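Hi,

Here is the model I promised to pass on.

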Amino acid sequence: MSLTPLAAHPSARPTPAFRGRIGRDARSGHYAVPRRYRLHLSLADPDGLRIAVTHSLLGLDQACPVTFLPAVPDCSDGGHSALRPLYDASAHRYQGPALAPVLSDDWSGRIVSTHGPDIARDLARGFGSGRAALYPCGAESQIEAVERMCAQGIEEAAQRAGAAGAADAERAAALDALLATLGTLDRGLGTHAYLISDQISLADVELWVALVRLDTVHRHHLDASAVHRIADHPALWAYARRLAAHPAFGAHLDLDAIDRRHHAGCQGLEAAGAAVQILDWEAHATPGAGGRPQVERP
């Protein structure tokens with residue numbers, strides 16, 4: 001499927017407090033060594049869900065352990081108290097919230113990165129040798145185009161379309177932008193199994209998580225007519241169902257956690273579309289061999 005890169009646009013993701021990278025050898029400081037690093041993730045957070053799926057696709061349970069955090073952060077600033085020691089050890093007098101996701105270095109006891117896309121890419125590049133080619137060389141611009149398409153054309157457009165205080169014209173324009181993006185993806189997936197190649201890549205992880213959020217978070221703020229128009233993309237939602245049935249995806253789909261996090265932070269009014277669900281995700285999701293991961297404290 002050919003994707004035209006979108007123009008650069010400010011990201012809706014929080015500015016990362018740490019943005020170290022895992023390099024290819026010891027000269028980079030941080031390099032891929034089994035069991036040196038640990039992930040700290042909340043499956044209710046979209047970046048956490050993306051990284052968890054990537055981690056499972058790569059089969060990194062032994063090479064890079066994961067600590068799963070509660071769905072709703074327990075600090076008043078939106079951070080996790082369990083991550084505060086790591087943040088304090090990594091930055092002198094750090095004043096911000098202790099947010100997930102976190103990639104930490106067990107050798108130093110400090111944080112490497114809190115930037116979700118970088119973490120996923122570094123796992124794929126640093127630990128992906130002999131495993132699934134999730135971030136193949138030469139496909140970087142296509143994967144980044146999908147990331148921007150999902151951020152702008154799905155996430156941001158859906159938020160604007162469901163904004164309770166926006167004018168009707170603004171909401172309608174945002175819905176049109178969302179439907180245009182979904183239409184482009186639906187046409188491409190009508191002839192291709194995956195987004196950019198004949199196998200799963202980080203682009204598919206990105207889109208799948210965006211579709212999960214569209215049906216579990218954003219639809220609550222849209223009316224029934226809008227949700228039916230969103231659902232009217234058969235190839236796209238068949239693709240979402242197919243990936244949900246993949247153990248690396250379905251094992252991490254915690255609908256209750258997503259719902260609790262959404263309602264804990266949602267400040268808008270619930271619209272009439274709240275009861276209109278596009279997919280029965282639980283019916284399609286296939287749990288992994290070990291079932292859904294449990295919350296584990298660092």
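Which residues does Leu-207 touch, not counting residues up to four places away in sequence? Leu-207 touches Cys-150, Ile-154, Leu-185, Leu-189, Leu-195, Leu-236 and Tyr-239, where contact means heavy atoms within 4.5 Å.

Before the rest, some housekeeping. This is a predicted model, so local features need pLDDT of at least 70 and side-chain atom pairs count only at pLDDT 80 or more, while totals for chains, interfaces and linings use all residues. Residues are numbered from 1 along each chain as its sequence is written, and side-chain values use heavy atoms, with hydrogens and water left out.

Now the cores. The largest nonpolar core has 77 residues, and those with the most contacts inside it are Leu-207, Trp-208, Ile-230 and Trp-281. Helix H6 (residues 202–216) gives the most to this core, with 10 residues. Another core lies apart from it and has 11 residues, including Phe-18, Leu-83, Val-102 and Ile-111. By core I mean a set of buried Ala, Val, Leu, Ile, Met, Phe, Trp, Tyr and Cys residues joined through side-chain atoms within 4.5 Å; buried is under 20% relative accessible area with a 1.4 Å probe, protein chains only. Helices (H or I, at least four residues) and strands (E, at least two) are DSSP runs, numbered from the N terminus.

On to helix packing. Helix H8 (residues 234–244) has these buried residues: Ala-235, Leu-236, Trp-237, Tyr-239, Ala-240, Leu-243 and Ala-244. Their cover includes H5 (168–189), H6, H7 (224–231), H9 (247–250) and H11 (281–284).

H5 and H8 pack at about 75° with their axes 7 Å apart, and are therefore roughly perpendicular (65 to 115 degrees). Leu-182, Leu-185, Asp-186 and Leu-189 of H5 make this contact with Pro-234, Ala-235, Leu-236 and Tyr-239 of H8. The axes are lines fitted to C-alpha atoms over the stretch in contact, and angles run from 0 to 180 degrees between N-to-C directions.

For H5 and H7, the axes come within 10 Å and cross at roughly 20°, so these two helices are roughly parallel (under 35 degrees). On the H5 side, Leu-175, Asp-176, Leu-178, Leu-179 and Leu-182 meet Ala-226, Arg-229 and Ile-230 of H7.

Last, the strands. E3 (residues 102–105) and E4 (residues 110–113) run antiparallel, joined by 3 bridges; strands pair if DSSP finds at least two bridges between them. Ser-104 stands opposite Ile-111 in E4. The two strands form a hairpin with 4 residues between them, and Gly-109 in the turn has a positive phi of about 75°.

Cheers

Methods: Buried < 20%, exposed > 50% of the residue type's maximum accessible area, 1.4 Å probe, protein only. Parallel < 35°, antiparallel > 145°, perpendicular 65-115°, else oblique.
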